[in-house]
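Have a go at each task before you read its solution.

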Amino acid sequence: MQTELEALLALQSDDVVIHGLEMRLAALEPRVRELDARRTRLSESITRSGTAVEAEEKKQAWLRDKLAEHKQLIEHNQAAMDHVKTLKQATAAAAQMEQAKMIVAADESDLLALNRRLDDVRSSLAAQRTELATVEAALEAARAEVATEKAEIEAEMVTARAKRTGTAKAVPAVLLGKYDRIRGGKKRTEVVFAMRGMSCGNCDTNIPMQRRHVMTSTAAIELCEACGVLMYFTPGE
Ligand SMILES: [Zn+2]
């Protein structure tokens with residue numbers, strides 16, 4: 001015949017198993033969530049990089065047009081220089097030519113800098129896309145893995161809960177009520193502790209002689225007034 005204490009300890013060990021399963025279930029989601037957050041951040045970066053590439057491409061097209069226009073200006077000036085009649089006209093044409101060449105040189109250097117910038121944003125966009133593909137693959141794998149593990153844990157949980165229901169039947173109703181209340185209120189795994197010598201096995205508070213005497217003589221399971229757990233006395237310990 002199982003004693004009250006044995007029944008209670010068996011119940012507690014069932015609850016420890018259930019708690020372990022709950023912890024495992026709770027640990028599953030964060031694995032997916034982290035990857036999902038990374039994917040979102042990457043998608044946002046890709047959108048930003050895409051916008052930057054478009055803006056730089058527009059500037060590039062505009063700069064190329066401007067350069068072409070200014071190069072035409074040089075050709076015009078060249079033609080004008082071929083037809084000058086006087087020294088004064090020649091001097092003016094040469095000055096204009098000099099200015100046009102400077103403008104074209106400036107355009108070319110602007111375009112060069114812009115091309116470099118465009119290369120940079122394009123390659124960072126490509127790198128982000130590659131990373132996104134990696135993260136998406138990892139996310140898919142993690143989702144499948146989590147789903148499998150979740151199903152396994154849930155199946156174990158059904159068994160563990162059924163076992164717990166059976167075990168609970170052997171615990172006297174009043175004691176069971178007390179145990180469940182303490183466990184629910186404290187949100188902790190273990191609430192039944194063996195006494196350590198003359199003290200509570202959980203908080204080490206010394207138990208008065210009078211109570212200790214009652215506990216040892218009646219094998220009663222008592223509440224620790226200091227920390228609120230259930231204590232029991234084990235003979236010979
Ligand atoms: Zn205590």
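This is a predicted model: local features need pLDDT of at least 70, side-chain atom pairs count only at pLDDT 80 or more; totals for chains, interfaces and linings use all residues.

**Exercise 1: Overall dimensions**

Compare the radius of gyration of the protein chain with that of a compact globule of 237 residues.

*Solution.* Start with the reference: a compact globule of 237 residues would come out near 18 Å. Next, take the protein chain itself, whose radius of gyration is 41 Å. Then look at the box around the C-alpha atoms, which along the principal axes is roughly 130 × 40 × 25 Å. Finally, check burial: 8% of the 237 residues count as buried.

**Exercise 2: Elements in order**

Work out how many helices and strands the protein chain has, and in what order they run from the N terminus.

*Solution.* Count first: there are four helices and three strands. Now walk along from the N terminus, and you will read α-α-α-β-α-β-β. One of the helices is H1, which spans residues 4-82.

**Exercise 3: The sheet**

Find the strand order of the open sheet, and identify its edge strands.

*Solution.* The three strands are arranged as S1-S3-S2, with mixed pairing. Strand S1 (192-194) and strand S2 (222-223) are the edges, since each pairs on one side only. Now zoom in on S1 and S3 (residues 230-232): they run parallel and are joined by three bridges.

**Exercise 4: Leu 230 and the core**

Which residues have the most contacts inside the largest nonpolar core, and what does Leu 230 touch beyond four places in sequence?

*Solution.* The core has 14 residues, and the ones with the most contacts inside it are Cys 200, Val 229, Leu 230 and Met 231. Among the elements that each supply at least two residues of this core are H1 and S3. Then set aside residues up to four places from Leu 230; the list that remains is Tyr 179, Ile 182, Val 191, Val 192, Ile 221 and Leu 223.

**Exercise 5: Ala 7**

Is Ala 7 buried, exposed or partly exposed?

*Solution.* Locate Ala 7 in helix H1 first. It has 18 other C-beta atoms within 10 Å. Burial needs 20 or more, while exposed means 12 or fewer, so Ala 7 is partly exposed. Beyond its neighbours within four places in sequence, Ala 7 is in contact with Gln 2, Ala 170 and Val 171. To finish, go twelve residues along the chain to His 19: the C-alpha atoms of Ala 7 and His 19 are 18 Å apart.

How values were computed. Residues are numbered from 1 along each chain as its sequence is written. Two strands pair if DSSP finds at least two bridges between them. Two residues are in contact if their C-beta atoms, placed from the backbone, lie within 7 Å. A nonpolar core is a set of buried Ala, Val, Leu, Ile, Met, Phe, Trp, Tyr and Cys residues joined through C-beta atoms within 7 Å. The radius of gyration is taken over C-alpha atoms; the globule rule is 2.2 Å times the number of residues to the power 0.38.
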